[in-house]
Amino acid sequence: MPGPFATHEVFNQPPPLEDLNLFTSDKALVEAVEREGGGDASERLAAFGEVAGSAQAFERGRLANEHPPRLATHDRHGRRRDTVAYHPAYHDLMATSCGEGLHSSVWADLAEAAQRPRAGAHVRRAGAFYMAAQMEAGHCCPITMTNAAVPVLLLEPSLAKQWVPRILPFKYDPSFAPAAGKSAATLGMGMTEKQGGTDVRAATTKAEPIGARGSGAEYIVTGHKWFMSAPMSDAFVVLAQAAVGLTCFLMPRFLPDGSVNALHFQRLKDKLGNRSNASSEVEFAGAHAWAIGEEGRGVATIIEMVTHTRLDCALASAGLMRLALANAIHYAEHRGAFGKKLVEQPLMREVLADMALDVEAATALSFRLARSFDRTSDAGAGAWRRVMTPVTKYWVCKIAPALVAEAMECLGGSGYVEEAPLARIYREVPVNSIWEGSGSVMALDVLRVLQREPEAAQAVIEGLGAAAADDGRLRFAHGRIESLLHEPVLLDQRGRLLVEALAVLAAGTILKAHAPAAVADAFIASRFGGGARQTYGQGLEGADVRAILARSSASCG
Ligand SMILES: Cc1cc2nc3c(=O)[nH]c(=O)nc-3n(C[C@H](O)[C@H](O)[C@H](O)COP(=O)(O)OP(=O)(O)OC[C@H]3O[C@@H](n4cnc5c(N)ncnc54)[C@H](O)[C@@H]3O)c2cc1C
């Protein structure tokens, strides 16, 4: 009897890369977590790595993206519903990540007096979040926003008292019901309007107080948002114009009397990627909201939420780069061509090792940034957080699409097909660069620090100088940054140049101090050697490519 493939035998195809531990198989991650202060969570992270890298978890990721959420604006009788239905796989992913506490763990042991997260908390969460993004990236959007909303809620004690205890449980409750009766709550964010996203001051949404005005007071909000993701969140941190100017509000889905608040969803965005996550266009038709912070202080109030989301953008991009690289190496380890495994073909090895260097750098930078969120009382960490949040978000999120494209190419035609995870990762990665401040906006933010907080910029640049001191190429790169700052050219035109130079130098110094010599030497030689590079697989002459790849292979764990 002929088998299903009557004409041939199937061979030289790799096994799927699944049922792997996303933590223990990733040496750069394990070391970054340890180095930056989260080492005591290694066991827990290893347990989560097993779950997040399971075939079941990856399958849920596939299903949640192949069956995107659907909006029901009205019921069949024409009454408003404004609900979004998700595939069960999405809810499973949310339950997994919330069960791990990714939406709230850093605030769980909040020291009440200082209102600061405990040491190491961000790094531990970062380790798990980096893996959750590999499991499935779209559901990380509400996870990120919920986590990031907490420091804003803490600014208005009456709201914090009600809402923070609803957010803290390591649970997920998708029911459409008043948050007071639910076992857990998630939060979203509404800033972007049709006429202005980056320039939020252009918001036209209006807020009128019902009685008293100011922080904690109730307002009626009328207007719209052009992007408001995770519309089934229990409440949203939104910006609207009050009499004095742009103000921050908390807008719940349900009102205290149990009725549904007037958030009318118009449609869901049809997006390039990030398809498991719903992103809505919404009208606020006289919705009730409670002010957080004083009128006119909206941007200053919401900025902490924005800063936390920028950290997650970098972490998620670094995680997705790692997953793409692991898949590329795995394929090359199993696929033969021209008499050898692809991983033995010199040019393929160079390409893979070169990508591995960027993954090492992105991981190192993202976890160093996470540590600076933990050490909020230390001036050096504060300066790093202020300067390096936009730098890290810019660089990690910007290099991700090119890296994922190259990883996809390593799988040849099979990489381009939806059954491999690479196609979905490729469609996913650009979003991290766009939302919460696109590339040039990150560069402008760094220039703002130079002008308004020169002591923070100086502390970071001096620190990088000290870290670069032992290596001539790093010293030269540091000198170039110093001269960029002092040349008589409009800094505006140098924004991206400066940000990229800072990112690569910072990564070089961290790798030099902590990574194995094979990784650090190759990164420094190829990124600071002066050769022109626009694609992967160049400048690794003399590098210990085998050692770099052995470390980066997912089969090493
Ligand atoms: C999938 C997805 C989900 C999203 N979810 C949310 C959400 O939940 N809540 C929310 O509020 N928003 C959300 N957004 C919106 C997102 O944050 C904005 O798209 C982003 O901030 C950019 O704003 P914009 O689209 O209005 O672009 P614009 O502000 O028009 O910017 C266009 C381009 O101009 C550049 N630019 C802007 N100003 C300058 C300048 N001064 N100099 C040089 N260049 C400049 C920007 O960098 C950008 O590249 C989401 C977006 C996406 C894609």
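These legends accompany close-up views of a predicted model.

**View 1**
The shell around the ligand holds 21 residues, and M189, M191, T192, T198 and S229 come nearest. By type, the shell divides into ten nonpolar, nine polar and two charged residues. Two strands, β3 (187-190) and β5 (218-229), each supply at least two residues of this shell.

**View 2. Polar atoms facing the ligand.**
At M191, a backbone N or O atom lies 2.8 Å from an oxygen atom of the ligand. At S229, the polar atom belongs to the side chain, and it lies 2.8 Å from a nitrogen atom of the ligand. At F227, a polar backbone atom is 3.3 Å from a nitrogen atom of the ligand. The ligand taken alone exposes 970 Å², and the protein buries 65% of that.

**View 3. Strand β7 and its two partners.**
Strand β7 covers residues 245-252. Eight of its eight residues are buried. One partner is strand β6 (residues 235-242), which runs antiparallel to β7 and is joined to it by eight bridges. Within this pair, Q241 stands opposite L246 of β7. β6 and β7 form a hairpin, with two residues between the strands. Strand β9 (residues 279-292) also pairs with β7. The sense is again antiparallel, over three bridges. Here C248 has I292 of β9 as its bridge partner.

**View 4**
Strands β1 (residues 70-74) and β2 (residues 80-85) pair in the antiparallel sense. Four bridges link them. H74 has R80 in β2 as its bridge partner. Five residues separate the two strands of this hairpin. Among the turn residues is G78, with a positive phi of about 90°.

**View 5. R368 in helix α10.**
Helix α10 spans residues 346-374 and includes R368. Is R368 buried or exposed? R368 counts as buried, because its relative accessibility of 15% is under the 20% cut-off. The side chains of R368 and E36 are joined by a polar contact of 3.1 Å. Not counting residues up to four places away in sequence, R368 touches E36, W384, I510 and H514.

**View 6. N274, a non-glycine residue with positive phi.**
N274 has a positive phi of about 55°, although it is not a glycine. N274 is found in the loop between β8 (263-268) and β9. The relative accessibility of N274 is 9%, so this residue counts as buried.

**View 7. E436, between two helices.**
Which loop holds E436? E436 sits in the loop between α13 and α14. E436 counts as buried because its relative accessibility is 8%, under the 20% cut-off.

**View 8. L168, in the loop between α8 and β3.**
L168 lies in the loop between α8 (157-167) and β3. Its relative accessible area is 23%, so L168 is partly exposed. Leaving aside neighbours within four places in sequence, L168 is in contact with H103, S104, W107 and A108. L168 and T186 are 18 residues apart along the chain. Their C-alpha atoms are separated by 9.6 Å.

**View 9. A180, in the loop between α8 and β3.**
A180 is also placed in the loop between α8 and β3. Is A180 buried or exposed? A180 is exposed, because its relative accessible area of 66% is over the 50% cut-off. The C-alpha atoms of A180 and L320 are 36 Å apart in space. In sequence, A180 and L320 are 140 residues apart.

Technical notes
Residues are numbered from 1 along each chain as its sequence is written. This is a predicted model: local features need pLDDT of at least 70, side-chain atom pairs count only at pLDDT 80 or more; totals for chains, interfaces and linings use all residues. Side-chain values use heavy atoms; hydrogens and water are left out. Buried means under 20% relative accessible area, exposed over 50%, partly exposed in between (1.4 Å probe, protein chains only). Two strands pair if DSSP finds at least two bridges between them. A residue is near a molecule or strand if one of its heavy atoms lies within 4 Å of it. A polar contact is a pair of N or O atoms within 3.5 Å; within protein, one must be able to donate a hydrogen and the other to accept it, and residues adjacent in sequence count only if both atoms are side-chain atoms. Accessible areas come from the Shrake-Rupley method with a 1.4 Å probe; for residues, only the protein chains shown count as cover. Ala, Val, Leu, Ile, Met, Phe, Trp, Tyr, Cys and Pro count as nonpolar, Asp, Glu, Lys and Arg as charged, and the others, Gly among them, as polar. Contact means heavy atoms within 4.5 Å.
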